[in-house]
Amino acid sequence: MGRLESHVEFQNRAGKFLRGMIHRPSQAAGRRGAPGVIFFHGFTGDRMESHWLFVKCSRALAQAGIASLRFDFYGSGESEGEFREVTLKGEISDARAAIDYLRRQRGIDATRLGLIGLSLGGAIAAIVAPQARMRAVVLWAALAHPGHLRALAESASTPIAGTDGSREFGSQHVSPRFLDNVDKIDPLKSIARFKKPTLIIHPEKDGYLPLSHPEDFFQAAGSLIKEKIIIPGADHTFTSLAWEREVIDRTVEWFRKYLV
């Protein structure tokens, strides 16, 4: 099977290389192969995410017998491209390419896959889950209302002089094409079509996305098996040892129940 943690690269549908890491469980998965989870990072994030939250969760999943793929969207992290080229439509396409890639890997059970999405990555997970035939989804501090991202990006960014309306957000060059696409997605409509187990975990003190987002996801979710968890006191990326441990433990428990 090779190393338990392996750097990988694969092409998106535009032929550009996306780079990431596959984690595999140490124990034998049997003839079916191991179940797997794909991570989608947030706006201006990467495959490790804040305080290496994605890395820690991938390793915890591997301990539970579940493989995972963490990757950088095009224009983010170590993948090809520049952030000024990023569009929301492109990130959704990248998400589908990542699912297809993990599904083809030796030792992975293509019928037992799940998704984890953080922030904007949560909206993308909700959008792609129904068509991609996922078995379970976990949304962390997920964006339910795309218009909120437009308002946030515009209020927390500054115009770049001499450009076509581009803005600077967290030292990243954000194209107006990215924000133009934001209003064309509907995560709530998509999650309503998803009938498999759905876990929504949200921080109580999220400075970006208020508690209306997890509540609206919970009400819209089409699965009969769904749960909403609010982590008391937590911020947007769960930056404390106690908060991250609860998020990871709850997530691993969910996937052990519905993938393994």
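Reply:

Strand S6, residues 136–140, is largely enclosed by the rest of the structure, because 5 of its 5 residues are buried. Buried here means under 20% relative accessible area. In a regular strand, side chains alternate between the two faces of the sheet. In S6, Ala136, Val138 and Trp140 point one way, while Val137 and Leu139 point the other way; all of them are buried.

S6 has a parallel partner in strand S5, residues 108–118, to which 5 bridges join it. Within this pairing, isoleucine 116 has valine 138 of S6 as its bridge partner.

**The pockets**

Rolling a probe the size of a water molecule over the atoms shows where empty space is left. The largest pocket of the predicted model holds about 390 Å³ of space. Its lining comprises 19 residues, and those nearest its centre are Phe43, Thr44, Ser119, Tyr208 and His236. Helix H4, residues 146–155, gives the most to this lining, with 3 residues. By class, the lining of the largest pocket consists of 9 nonpolar, 8 polar and 2 charged residues.

The second largest pocket holds about 190 Å³ of space. Among the residues that line it are Asn12, Arg13, Lys16, Tyr74, Glu85, Glu91 and Asp94; Ala14, Val86, Thr87, Gly90 and Ser93 also belong to the lining. This lining divides into 3 nonpolar, 4 polar and 5 charged residues.

**A loop position**

Glycine 165 is located in the loop between strand S7 (158–159) and strand S8 (167–169). Glycine 165 counts as partly exposed because its relative accessibility is 43%, and that class lies between the limits of 20% and 50%. Along the chain, glycine 165 and valine 247 are 82 residues apart, and their C-alpha atoms are separated by 38 Å.

Conventions:
Residues numbered from 1 in each chain as written. Predicted model: local features only at pLDDT ≥ 70, side-chain atom pairs only at ≥ 80, totals over all residues. Heavy atoms only, no water. 1 Å grid on protein atoms, 1.4 Å probe; cavity = no way out; pocket = protein on both sides within 12 Å on 5 of 7 lines; lining within 4 Å. Points joined across faces, edges and corners; volume = space filled by probe spheres on them. Helix = DSSP H or I, 4+ residues; strand = E, 2+ residues; numbered from the N terminus. Nonpolar A, V, L, I, M, F, W, Y, C, P; charged D, E, K, R; others polar. Buried < 20%, exposed > 50% of the residue type's maximum accessible area, 1.4 Å probe, protein only. Pairing = 2+ DSSP bridges.
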